[in-house]
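Here are some notes on the model, for reading next to the coordinates. They are set out as numbered points.

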Amino acid sequence: MLAGAYATWGRTADARRVLAELEAQALERYVCPYEVATIHMAIGDAPRTLAWLERGLAERADCMPWAYADPKLDALHSHPQFQSLLERIGLPR
């Protein structure tokens with residue numbers, strides 16, 4: 001949440017720092033891929049957002065259904081990979 005707040009406030013360097021810490025922690029313990037994805041989206045990195053969403057689907061993260069209605073991901077709704085992801089989650093396109 002801190003990284004997302006930093007991104008919203010325009011403190012991109014701080015958001016990237018926290019994001020790097022989360023990604024490092026994800027190598028050793030569970031970190032929700034969906035939350036990491038939304039941080040990537042907040043800093044404008046759609047490819048990494050999609051990669052983390054794919055990881056969330058693969059790991060069966062319980063928050064994945066939020067992708068359909070989360071305004072943080074609105075910019076992805078026309079992206080074919082995102083549409084495919086929604087379909088594989090079992091959500092409408």
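Predicted model: local features only at pLDDT ≥ 70, side-chain atom pairs only at ≥ 80, totals over all residues.

1. First aromatic pair. There are two aromatic pairs in the structure. In one of them, the ring centres of tyrosine 6 and tryptophan 9 are 6.2 Å apart and the ring planes stand at 70°, so the arrangement is edge-to-face; the cut-off for that class is over 60 degrees.

2. Tyrosine 34 is buried, with a relative accessibility of 1%.

3. Geometry and faces of α4. Helix α4 has 13 residues and spans 18 Å from its first C-alpha to its last, close to the 18 Å expected at 1.5 Å a residue. Its buried residues are Thr49, Leu50, Trp52, Leu53 and Gly56. Their arc around the axis is only 165°, so they sit on the same side of α4. Pro47 and Ala58 are exposed on the other side of the helix. The elements covering the buried residues of α4 include α2 (12–25), α3 and α5.

4. Ends of α4. At the start of the helix, a side-chain oxygen of aspartate 45 comes to within 3.2 Å of the backbone nitrogen of arginine 48. Just after the helix, arginine 60 has a positive phi of about 55°, and this is a residue other than glycine. Arginine 60 belongs to the loop between α4 and α5 and is exposed, at 75% relative accessibility.

5. The structure holds seven salt bridges. One of them joins glutamate 54 and arginine 88, with an N to O distance of 2.7 Å. Glutamate 54 is in helix α4 and arginine 88 in helix α5, so the bridge ties together parts that are 34 residues apart in sequence. Both ends are partly exposed: glutamate 54 has a relative accessibility of 21% and arginine 88 has 43%.

6. Arginine 17 and glutamate 21 form a salt bridge whose closest N and O atoms are 3.4 Å apart. Both residues lie in helix α2, four residues apart, about one turn of the helix. Arginine 17 is partly exposed at 40% relative accessibility, as is glutamate 21 at 41%. Through salt bridges that share partners, Arg11, Asp14, Arg17 and Glu21 form one network.

7. Lysine 72 and aspartate 70. The side chains of these two residues also meet in a salt bridge, at 4.0 Å from N to O. The cut-off for a salt bridge is 4 Å, so a reader may wish to look at this pair in the model. Lysine 72 is partly exposed, with 48% relative accessible area, while aspartate 70 is buried at 11%.

Conventions
Residues numbered from 1 in each chain as written. Heavy atoms only, no water. Phe/Tyr/Trp six-rings, centres within 6.5 Å; stacked < 30°, edge-to-face > 60°. Buried < 20%, exposed > 50% of the residue type's maximum accessible area, 1.4 Å probe, protein only. Helix = DSSP H or I, 4+ residues; strand = E, 2+ residues; numbered from the N terminus. Expected span 1.5 Å × (residues − 1). Arc of directions from axis to C-beta. Contact = heavy atoms within 4.5 Å. Polar contact = N/O pair within 3.5 Å; in protein donor to acceptor, adjacent residues only side chain to side chain.
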